[in-house]
Each structure stands twice: as structure tokens, then as C-alpha cells.
Amino acid sequence: MVLILLAALVIAPIFSLVAGAFSLSRLPNEFSFDNLGLDNFYAVWVEQRIDRVIWNTAIYVTGATIFGITTAALLAWLVERSDMPGKTWIYAGVPLGIAVPGILHAIAWVLLLSPRSGFVNRTWMDLTGASEPLVDIYTMGGLIFAEGLRLVPVAFLMLVPLMRSMDPSLEEAAAASGASPMRATRRVTLALLLPGVLAISIFQAITAIENFEVPGILGMPVNLHVFSTRVYNLIDNIGTIPAFGQANAAAIFYLAIALVISFFYLRLVRNSERYSIITGKGYTPRQVRLGRWRKPALALSLLFLFVTIVLPFLVLLYVSLLNYLRPPSWDAIASFTFKNYQTVFNQPRVARTLFNTIYVTLLTATTVTIVSFVIAYIIVRTRFAGRYALDMLSFLPHSIPGIVLGLALFWLFMQVDRWTGLSTFGSIYALVLGFTILFLSYAVRAMSVAMIQVHPDLEDAAKLSGAPPWRIALRIFGPLLMPTLVGIWIYVAMLSVRFISLPLILSQGGSNEVLGVMIWSLWDNGNISSVGAIGIMLLSFMFGLALLLRLFGFSGQRGGAL
């Protein structure tokens, strides 16, 4: 039953997406199997020049992944393999970057580096008399920089265990053979880390290709499109009938590329045991003495924390206290006011949106946690013949970009409402279903790993004592898996709040508008001060969740010899 339900959740939206791509009807609710063809694919390839979008996406994803992984690897190496001071603070601080929603991250960089009104560029031109901005964030380089910074926290958490598990005897053997430190690092350390780093890089590339917020804020204003923004742009044309069929056809290309990348990731992870680097004997990771570079390394690490966490908060705080947007100055600081916060709190739309956001977050996090526990139990603890298919189906949503799943569910809900007379499209539960599908992959993986660590003897003893399955779940798995359960719940709650691509497609005004969609709408309409006020409140809430995740989700981890 679980396998059938999961297959329906994953396959039904994909089927509706494919059907919509072949549909020649103008609107989804006019879909008919008698009106199908390849016109949408031809229009997307020829008229929309999807080949250019593919090229832009390749540059964007490759550049952001290389930048993000390189930065994360450097930070992880400094924390785990060097004698840099203050490593505890760096290890604790880098993951907090997860708390900064992508839309607020991108907005902060626009406010700083917009070529005409960005604070940095405006100050530079006023001081030097230059007619050209110092930096233009609305470029491919700007997209790569902003997205690369967003990839660092998760990549850092994945790289730290790799750095920690390196057996120093391998490097010592190379040194004893006469290899210089640089040669030993290149031929031994990097060679052993390469498979793990490659797997993490592919995982981060999947993440980058799915993300919408950064290219949506930084690329769409100058018609610099990647796949996610092109799909959204095709159905967001004001004043004309949205090109739903072409959007679906573009989404098919988008999904195919994501699936191919995911296939290579699975192949690499499946053969990961070939590259084991932890020996059976005890060992202590060797720390490299940085000498005079200890303080510069710490300064560089602190600069990263400032740029990714402190700076967005300060920028949004500044604009939230202004009467109108202007570069920082003593006059601007003297005019600070809390009027924007009062305006936000007095809007009925905000109260309704906050309620929707909280409701969707609570329901999604709880549903994903429970469902992932059931699926992980079947995969790990039973001999069900279809458990491997269940495992693959649970991973598949990770390969489906949020904007694609939103479009697929849009078509699916429109057909369900048309055939049944229900009102599923535009409801809160449409968002909950979409988020549940999207976040299930991470939750099942985390739950399965934790459940493997619980010895079956505990469960067998409870069964021999006559305990029913529900009591075993509550009395055995519940206490032992509580850190994992809480960690998954908090992380899914964070994702539900910060994710906007799927809600942008499924949102229908106040009935199911959530906070991310409202921030997008306010920014799109130029209401920057309100965006700042809402952003500060959202960041404060997200930092609180991130601290809870750090406490529960990573309580068993230590940053090496900190």
C-alpha cells in the first residue's frame, strides 16, 4: 500500500507534466487527449531558444558548484586539518547560513550591488565621480557568486566528515618516501578525497539547478534566464495568455537534465565503498601548522560568516528602518523609524499570510517526518520485495526541481478539479502535498541512516514480550530516534518557510499565499521597506530554527579537535 501511494505521489505529477507538454489546448482546463502534438517542443526549441537557456544553466550551475565546493572545502580543511584558532566558532557558524532564505540573500546583494542604486556602487560613484558601477550583480558572474555562497553551508557539513576521516598515516607514508608536502597533498590527500568531493559536487549541482530564488531576483530583470526562470517566465506573462504547454515542454528538458545528473550521483554513491579511507586502527587526524597564516585564515573564515549571515541581516535591517531607499549616511541613520514594522503588522494580508505559512509549515514538517519514518522502517527493517523500488521512488523527488513539480501539480490539480468538481487547486493542502513530495527524499535518507544504527535485537525483544507495532514504535524507536526525528522536523520546517518556487506556481492570492510568495510580490512591486521589515522578522525566526537544528540535528557531531 505504501509503495502504491508513493508511486502515485511521484508518478502522477510527472505524467500530468508530460501530458501538458503535448497538449495543444490554450488552457489546462481545456486539456483533451484528442488535441495532442509536438508543437510546444518545437516552439520552445526554436522560438524560446532553449539551447541558450541550456548553455546559461550549464555555466551557472558549473560556476556556482565550483565556487561553493572550493569555498566549503577550504573552510572544512581549516576547521578539521589545521591549527587555526577559533575553529569552534567557525564550525558552529557556517551551518547558520542555511537559515538565510535564498530570496532574502539575493535581495541583499541587489541592495548592495545593483548598478544604479546599490549602496556600494552608489557610494563608489559619489566618492570617485565614476560614471560606471564598481560591480554589477545583474550578470552571470553575479549569479554564480550569489548562488555559490548559498551552496557553502550544506557542502561544508558534508565535507567535514570526509576531512575528519582521513587517516594521517597515508600522508605520513608519502612524506617518508620523500614526497614534498605539496606533492603529498596533491597525490594522496586530494586523490583520496576526490570521489567524496565529486559526489558532493554532483549533489550540489542538483541543488543549484533546482534553485529559483537567486536567478529569479538577479537574472530575470535583465533577461538572463536559466531553466527555472524560463519555465516561470513562460506562465507569468502579464497581459497575455500564459504559454502553459511551452512551459511544460521546457520543464521536460529541465527535468531530463536533473534526472541525468541524479543518475550519475546514485552510481557514484553506490560504489563509494571502493574509496574507503578509514582504517581499522585508531588514529588522530594530523593538523597542519599554519604558522603566520593562522590569523589570516581566521580572518578569511570570519569574513565568510560576515558576508553570508551578518551582512544580509544588516542590509535588510537598514532598509526596514528607512522612510525611503538611500545609501547609508549619518542623515539616513538619524531618520530611522519603526513605521515600516507598524505598517506591516497593520495589514490584514500579513496576518493571513503568517497563518498560512505557520499552518503549512507545521503540517508539512509533521507529515514528512511520519511518512519518512514509515518508509525508512519498510526499507531497513522488513523483507518486503518492493523495498528497493520504494527506496528509489523516495529518492526520485530530489531530482525534480521545485518549479517543475509546481507546474506538474498545477496541471494535475486542474484536471482533478475539472473531473471531480473539487477545489484542490489554490488550497493550503496543495502546498502541503507539494512540499511533502519535495522534502521526502532528504527525510527518508536521514531516517534510514539513523534506523540502521538501532540494533534489531531491541525490536525482537519487544515483540517477544507481546508489544504491538505501535508500542514498539513509541517505546523503542521513539526515544532512540528522537534526535533524528526532531532534526528532520526542524529542517523540513526551515525548507517549507524558505522555499518559494513551488508556492509561486500554486499560490492563488490570500487563500494559500505564504510568506515567501508575499516577499516576492512586495519586491516585484517595489515595496522595499516592507520587504526589509518582513525579512528581519523572518531571519530572526529562521536563525532560531537553525540553532535548534544545530542542537538536535548535529548534537552528535564534533568539529574534530576544537
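The model is predicted: local features need pLDDT of at least 70, side-chain atom pairs count only at pLDDT 80 or more, and totals for chains, interfaces and linings use all residues. Residues are numbered from 1 along each chain as its sequence is written, and side-chain values use heavy atoms, without hydrogens or water. Two packed helices are described by the angle between their axes and the distance between the axes.

**Helix 16 and helix 17**

- Helix 16 spans residues 348-381 and helix 17 spans residues 387-395; helices are DSSP runs (H or I, at least four residues), numbered from the N terminus.
- Their axes come within 9 Å and cross at roughly 140°; axes are lines fitted to C-alpha atoms over the stretch in contact, and angles run from 0 to 180 degrees between N-to-C directions.
- The two helices are therefore oblique to each other (under 35 degrees is roughly parallel, over 145 roughly antiparallel, 65 to 115 roughly perpendicular, and the rest oblique).
- Ile375, Ile378 and Ile379 of helix 16 meet Arg387, Leu390, Asp391 and Ser394 of helix 17; contact means heavy atoms within 4.5 Å.
- By class, this contact has 4 nonpolar, 1 polar and 2 charged residues (Ala, Val, Leu, Ile, Met, Phe, Trp, Tyr, Cys and Pro are nonpolar; Asp, Glu, Lys and Arg are charged; the others, Gly among them, are polar).

**Helix 3 and helix 13**

- Helix 3 (residues 50-81) packs on helix 13 (residues 294-320) at about 130°, with the axes 11 Å apart.
- That angle makes helix 3 oblique to helix 13.
- Helix 3 brings Thr71, Leu74, Leu75 and Leu78 to the contact, and helix 13 brings Ala297, Leu300, Ser301 and Phe304.
- This contact has 6 nonpolar, 2 polar and no charged residues.

**Cavities**

- There are 2 cavities of 30 Å³ or more; on a 1 Å grid over the protein atoms alone, a cavity is a set of points where a 1.4 Å probe fits but cannot get out.
- The largest cavity holds about 70 Å³ of space; a volume is the space filled by probe spheres set on the points, which are joined across faces, edges and corners.
- Its lining residues (an atom within 4 Å of a point) are Gly97, Val100, His105, Leu149, Arg150, Pro153, Thr308 and Arg498.
- Helix 7 (residues 140-164) gives the most to this lining, with 3 residues.

Conventions: On a 1 Å grid over the protein atoms alone, a cavity is a set of points where a 1.4 Å probe fits but cannot get out, and a pocket is an open set with protein on both sides within 12 Å along at least five of seven lines; lining residues have an atom within 4 Å of a point.
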